[in-house]
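Q: I'd like to learn how to read a pair of packed helices. Can we go through it slowly?

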Amino acid sequence: MPADKTQDLQGARQGRDESPEERADRRWGELLQELRVAQTGVQILFGFLLTVVFQPRFTELSDVDRNIYVVTVVLGATTMGALVGPVSFHRLVTGRRMKEEAVVWASRLTVCALFLLLCTMASSLLLILRVALHNTFALWLVGGLVLWFVLCWFVLPTWARYASTAKD
């Protein structure tokens with residue numbers, strides 16, 4: 001491996017001339033930008049979910065659909081918790097020279113949040129499509145959409161990471 005492409009403790013390639021502290025600051029800034037994008041979408045989805053129970057037609061839902069709704073709201077809440085977690089983590093360790101650790105834990109929470117968001121989206125879509133279609137085709141649509149999300153959010157980045165590692 002060339003001298004300018006060393007690896008850090010997490011196995012990521014380092015191609016910049018920056019100190020560990022500078023690298024942690026850069027990675028933290030990049031992570032915050034990613035969180036801003038995800039949080040906006042999750043906040044809108046979660047806000048919408050919170051209003052559904054107050055709609056007049058909510059009482060017309062079957063027990064199964066009401067249970068799906070409850071699971072969806074709980075998943076939405078856990079997703080919000082995981083997305084806000086990095087901010088709380090950073091705030092509680094600020095000034096203790098733990099930026100690198102904060103970035104690692106915040107990254108883990110963000111990946112956890114992506115998985116929870118996948119589950120929230122799946123259950124939201126299941127509820128909406130069950131109500132709209134009244135048939136089992138809703139399950140097939142949700143299954144296809146979940147596969148699409150998994151491909152976009154997890155498979156392609158993992159494949160790119162593997163392909164990049166294989167080149168080195």
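Q: What is the handedness of the crossing of α1 and α2?
A: A crossing is left-handed if the near helix is turned anticlockwise from the far one by less than a right angle, and right-handed if clockwise. Here, α1 and α2 cross in the left-handed way. By the way, this is a predicted model, where local features need pLDDT of at least 70, side-chain atom pairs count only at pLDDT 80 or more, and totals for chains, interfaces and linings use all residues. Residues are numbered from 1 along each chain as its sequence is written, and side-chain values use heavy atoms, with hydrogens and water left out.

Q: Which residues of α1 and α2 make the contact?
A: Contact means heavy atoms within 4.5 Å. On the α1 side you'll find Trp28, Leu35 and Phe46, among others; on the α2 side, the list includes Tyr69, Met80 and His90. By class, the contact has 15 nonpolar, six polar and no charged residues.

Q: How do I describe the packing itself?
A: Two packed helices are described by the angle between their axes and the distance between the axes. The axes of α1 and α2 come within 9 Å and cross at roughly 150°. Angles over 145 degrees count as roughly antiparallel, so α1 and α2 are roughly antiparallel to each other.

Q: Is Arg26 buried, partly exposed or exposed?
A: Buried means under 20% relative accessible area, exposed over 50%, partly exposed in between (1.4 Å probe, protein chains only). Arg26, which lies in α1, is partly exposed at 24%.

Key. Axes are lines fitted to C-alpha atoms, for helices over the stretch in contact, and angles run from 0 to 180 degrees between N-to-C directions. Helices (H or I, at least four residues) and strands (E, at least two) are DSSP runs, numbered from the N terminus. Angles under 35 degrees count as roughly parallel, over 145 as roughly antiparallel, 65 to 115 as roughly perpendicular and the rest as oblique. Ala, Val, Leu, Ile, Met, Phe, Trp, Tyr, Cys and Pro count as nonpolar, Asp, Glu, Lys and Arg as charged, and the others, Gly among them, as polar.
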